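Please read the points below with the sequence and the 3D view side by side. They are meant as a colleague's notes for a first reading.

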Amino acid sequence: MMIQNRNMSYQITQPDPATQLIDNGTDDLTPASTGLPTPLPMAVSTQQKPGNQVPPLDRVDLYVEPDLLWNEETGILAEGTEIRKSQIPFENAVYRKMIGQSVEGKMTYSSGSTGELLAESPVTVQLGGDSYSMDMPQKSLLIRVKDGLIDTPLFEDRPYNVYLSVLLQNGGKDCLLTRVADGVQSRLIEKYTDLNILTLAWKPVVVSLNDEYWGQCNMRESMDADTIIQYEKPADASSISTIRGLSGMGNQEYLELINRLKKSDPANKAEDREYLEENVDVDSYLNWLAAEMYFGNADAASTFFAYK
């Protein structure tokens, strides 16, 4: 019989090895003599384990004037002196007061496997992601190109060679658990279904902020008009209208649509059904509901995103 581990093989000449142990009165146990040969090691052999090597992650370096990030009154990442951390969302956090405010900086994007510089551009940086993960030490950052484009294919599974913006996500509501659930769900939808819904590309990267390690982030296509332009290629990009959250706060056209649909009866009235089909991609909406129910997304209402 052969017994093998990673680096050494043992040859045993009988099916029942002579390994009965006796107490010799010391702290050592020795094998009893049974007349059978003692197992001896064969020649030591090493094995090269194939494949399964994870390639180094690509790297994003951000450079921003430190005062724009950490100023106790206006820094987009600053906690401030009056923050209260008794529960999420943290109260009086300076960074929450700075939501939507962007600061200027520079971004470089490099290959993890070769170190080659793939892109470099002036950018603006602001807080991104959801409200829950915003109170984590590592925060999501929305990067927008200030002049020009990110002129390199960031995602291997997308046909686009240029980008206007990108999100460096800390994992969102999954930031304290797997950190990859959102990206994996998108991949599953893309690979195994024919659902007619827009999914965002996903790629883990290493992020450095002013030459200090900011951690591993999920680089995602940004959930905004920049990404819709890539997918839909509209003749007039300025005509794109977006809605975040089922409440549709801030979009009067969407609110009017919802109010009219609530008063309608598309199942029984042809004119109401025609209005619904003209203004809502019903198949896409049903597909979105199916995906959210399958994955058990408890915050679907707040993460809902639609566009026209």
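How many residues does helix H7 have, and how far does helix H7 reach from its first C-alpha to its last?

1. Helix H7, which covers residues 282–295, has 14 residues, and in this predicted model the helix reaches 20 Å from its first C-alpha to its last, close to the 20 Å expected at 1.5 Å a residue. Just after H7 comes glycine 296, whose phi is positive, at about 65 degrees.

2. The next point to check is how H7 is placed against the rest of the chain. Ser284, Asn287, Trp288, Ala291 and Glu292 are the residues of H7 to look at here, since they are buried; seen down the axis of the helix, its buried residues fall within an arc of 135 degrees, so they line one face of H7. The face turned away from this buried side carries Asp283, Met293 and Tyr294, which are exposed. Among the elements that cover the buried residues of H7 are helix H3 (181–192) and helix H8 (300–303).

3. If residues up to four places away in sequence are not counted, isoleucine 143 touches Leu62, Met107, Val123, Thr124, Val125, Leu164, Ser165, Val166 and Leu168.

4. Strand E6 can be followed through its pairing with two other strands. E6 and E7 run antiparallel and are joined by six bridges, with aspartate 61 standing opposite threonine 108 in E7. With E11, by contrast, E6 pairs in the parallel sense over four bridges, and here valine 60 stands opposite valine 207 in E11.

5. Finally, some values describe the chain as a whole. Its secondary structure comes to eight helices and 14 strands, and 36% of its 308 residues are buried. Of the contacts with a separation of 6 or more, 52% are between residues 24 or more positions apart. The accessible surface of the chain comes to about 19100 Å², and 52% of this surface belongs to carbon and sulfur atoms.

How values were computed:
Residues numbered from 1 in each chain as written. Predicted model: local features only at pLDDT ≥ 70, side-chain atom pairs only at ≥ 80, totals over all residues. Heavy atoms only, no water. Contact = heavy atoms within 4.5 Å. Pairing = 2+ DSSP bridges. Expected span 1.5 Å × (residues − 1). Buried < 20%, exposed > 50% of the residue type's maximum accessible area, 1.4 Å probe, protein only. Arc of directions from axis to C-beta. Areas by Shrake-Rupley, 256 points an atom, 1.4 Å probe, with all protein chains shown as cover.
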